[in-house]
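Student: I would like to learn how to read a contact between two chains. Could you take me through it step by step?

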Amino acid sequence: MSTSQWHYSRALAEQLRINGVSESKVREIVAQVESHVGSTGEDPVDAFGQPVAYAAQWQPLSPLWWVRRVGVAGVVSVGVFCVVMAVVKGGPWTAAVTIDRSDVVTLATLFVLLAILPWTSELWLSRRRGANLGESHPPSDWPVRIASSAVAILGVTAFAWLSDGSESTILQVTRWHLVVVGLIGMSLMFRAPAHPGDPARPVDAPWAPHRTWRTRLRRLLP
Amino acid sequence: MGRRNVREDRQSQWLKGVLDLAVLAALSRETSAYGYTLMASLADLGFDGIKGGTIYPLLGRLEDDGLVKSEWVTGEAGPPRKYFWLTAAGRAELDAGRDGWHTFSTSMTKALEG
């Protein structure tokens with residue numbers, strides 16, 4: 001079964017980003033594939049292999065890189081937790097907000113949703129898709145999604161059950177401190193490497209002139 | 001593994017060790033070339049069956065090592081193409097590789113033919 005260049009480009013860009021290849025290099029590699037396929041008419045899977053294998057030729061996924069990305073996603077979830085606590089608990093900005101053991105369940109839920117699930121089951125599904133491109137009957141993602149969600153819910157529920165009834169104070173911190181720490185943590189979202197489920201084909205071509213933020217902004221304005 | 005597979009595997013191992021030199025040599029003959037013409041040039045010399053999945057990452061590594069340079073060229077006909085050419089360091093690497101290969105192949109021929 002033949003593979004469309006568009007599908008291949010998206011899958012390859014996704015796998016390259018997962019492996020930590022810089023966006024400028026992703027543009028180059030995808031453009032080279034499109035140029036080759038456009039010149040020869042070859043099927044991209046025949047010419048380059050499955051996207052997971054071809055991306056690994058440029059840069060394999062290193063365990064350290066994976067740990068770093070889970071860590072960054074963990075810091076982002078702490079940031080979201082701090083902002084949520086500052087908003088939910090309310091009160092004057094200078095008043096102390098009490099974080100007790102039951103609040104840690106919220107943090108655990110955020111950590112599972114923002115760090116663990118994306119970088120385990122979603123990553124695995126993405127790599128499976130990128131290793132079976134063009135197959136007429138690709139395996140369904142849903143059994144894995146349902147099973148991993150069930151495990152995550154069970155894990156958080158067990159954690160909540162273990163800390164149930166215990167409202168012992170862990171930390172007291174002023175509300176504005178929570179907001180500042182939260183916003184700093186959340187800002188890592190913009191600096192963090194791409195989420196594993198980011199299959200966007202690069203928009204800019206490597207031969208196009210570099211567009212600055214100013215020119216991008218000017219194009220948006222009427 | 002059958003004997004035929006062992007032979008094919010040995011040939012692919014040999015090629016893996018010298019493909020960078022073959023690419024540098026092809027680039028020195030062509031002055032500048034894009035991926036597909038390089039593959040065609042290597043196929044004319046008997047190195048057929050080399051896929052894009054092998055040649056482009058190799059060109060990328062050669063570029064990272066400063067042995068080749070590249071530039072995207074957009075034409076009216078056909079898709080934009082990335083042309084590669086040798087740098088001075090690439091020529092020096094090719095010359096050193098040629099010397100090394102002559103020494104190695106002479107020794108290997110002696111070992112095989114006595």
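Student: How many residue pairs are in polar contact across the interface of chain A and chain B?

Tutor: A polar contact is a pair of N or O atoms within 3.5 Å, where, within protein, one must be able to donate a hydrogen and the other to accept it, and residues adjacent in sequence count only if both atoms are side-chain atoms. Across this interface the rule finds nine such residue pairs, both residues being at pLDDT 80 or more. This is a predicted model, in which local features need pLDDT of at least 70 and side-chain atom pairs count only at pLDDT 80 or more, while totals for chains, interfaces and linings use all residues. Residues are numbered from 1 along each chain as its sequence is written, chains are lettered from A and ligands numbered from 1 in the order in which they are written, and side-chain values use heavy atoms, with hydrogens and water left out.

Student: Which salt bridge does Asp64(B) form?

Tutor: A salt bridge is a side-chain nitrogen of Lys or Arg within 4 Å of a carboxyl oxygen of Asp or Glu. The rule finds two across the interface of chain A and chain B, and Asp64(B) pairs with Lys25(A), their closest N and O atoms being 3.7 Å apart.

Student: What area do chain A and chain B bury between them?

Tutor: Buried area is the accessible area (1.4 Å probe) that two parts lose on being put together, summed over both. Here the two chains bury about 1500 Å², 60% of it on carbon and sulfur atoms. Of the area that chain A buries against chain B, Gln32(A), His36(A) and Trp207(A) supply 33%, more than any other three residues.
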